[in-house]
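Thanks for passing this one along.

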Amino acid sequence: MIVERADFVSVPVTDMERATAFYGNTLGLPQISEAGFPEFQLGENVSVYLIRMESIGSAFTAPHSAHLALRVPDVAEARSELEAKGVEFDGETLDSGVCHMAFFHDPDGNALMLHRRYAPRD
Amino acid sequence: MIDVERVDYIRIPVTDIEAANEFYGGVLGFARSPNSPADDWVEYEAGNVTLVVMTPHTHDDEFTPLPPGTIALRVADVADAKASLETAGVEVNEMWDSGVCHGAGFRDPAGNAILLHHRHAPYPDGSTPDEQS
């Protein structure tokens, strides 16, 4: 089987208006589709759908735990900007030795991360 | 407004890293990144994004499987991909047609719900996913 690419990721939400405001206004992501499910562009390579699980015959049981690592130019600056908008982060920004990571959640608890690798791969 | 340049990676939580490596590398056929930093944090390249197969319990975290539809993998033909996975012993749900795309869900060995996906209809502006890749 050949997988060409990841078409999209989705996050389950309980309050679509609140979630749309978070991804669109707080994070400032461009919304690229309003039909059906709101879709936002996460930088150059991936988009995210906000989904009410009831609308696909399911139910919200838990937020997703898959941290989406959002690449930003500077984690400290981006964190300060989000904190000024009321976003709470989980602990201090982590320096892994090769990258900075700052963990936070959307209003439904879906796992997100500000990320910037500063060390070369080799 | 923060400047999100791209998604660097998506974490896929698993409980058995060996079973997960066999599944993501062997069954799904993703290329394992030589830059994977540790045996409990293995990176696979899925075209436009990196998937990190990792064990939460070795990273001060708890395992919770992904809910349905979290990651939609584009394949050329969902029915063919479903048959291919089933031949490899993977249980795949019935294929559905939303009117614009085909989809079929399955689970990895840890129970993460993943979607085979292919949009067969053009977007409202007439373009197709292939043109927008």
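1. Let me start with the sheet that crosses between the chains: eight strands form an open sheet with mixed pairing, in the order 6(A)-7(A)-8(A)-5(A)-1(B)-4(B)-3(B)-2(B). Strands here are DSSP runs (E, at least two residues), as helices are (H or I, at least four), numbered from the N terminus, and two strands pair if DSSP finds at least two bridges between them. Strand 6 (94-95) of chain A and strand 2 (31-32) of chain B stand at the edges with a single partner strand each, so one side of each has no neighbour in the sheet.

2. A word on the basis of all this: the model is predicted, with local features needing pLDDT of at least 70 and side-chain atom pairs counting only at pLDDT 80 or more, while totals for chains, interfaces and linings use all residues. Residues are numbered from 1 along each chain as its sequence is written, and chains are lettered from A and ligands numbered from 1 in the order in which they are written.

3. A:Asp95 has A:His100 of strand 7 as its bridge partner.

4. Where do the chains meet within the sheet? Strand 5 of chain A runs antiparallel to strand 1 (residues 6-13) of chain B, with four bridges joining them. A:Ala69 is bridged to B:Tyr9 in that strand of chain B.

5. The contact between the chains takes 38 residues from chain A and 38 residues from chain B, where contact requires C-beta atoms, placed from the backbone, to lie within 7 Å. On the chain A side, strand 1 (3-12), strand 4 (46-51), strand 5 (68-71) and helix 2 (75-84) each supply at least two residues. Strand 1 of chain A gives the largest share, nine residues. By class, this side has 21 nonpolar, 10 polar and seven charged residues (nonpolar: Ala, Val, Leu, Ile, Met, Phe, Trp, Tyr, Cys and Pro; charged: Asp, Glu, Lys and Arg; polar: the others, Gly among them).

6. Chain B is divided into domain 1 (1-58) and domain 2 (65-133), with bounds from an automatic or database domain assignment. Their centres, taken over C-alpha atoms, are 19 Å apart.

7. Between these domains, 11 residues of domain 1 of chain B are in contact with 10 residues of domain 2 of chain B. On the domain 1 side, strand 1 and helix 1 (17-27) of chain B each supply at least two residues, and helix 1 gives the most, with four. That side has nine nonpolar residues, one polar and one charged.

Notes. Two residues are in contact if their C-beta atoms, placed from the backbone, lie within 7 Å.
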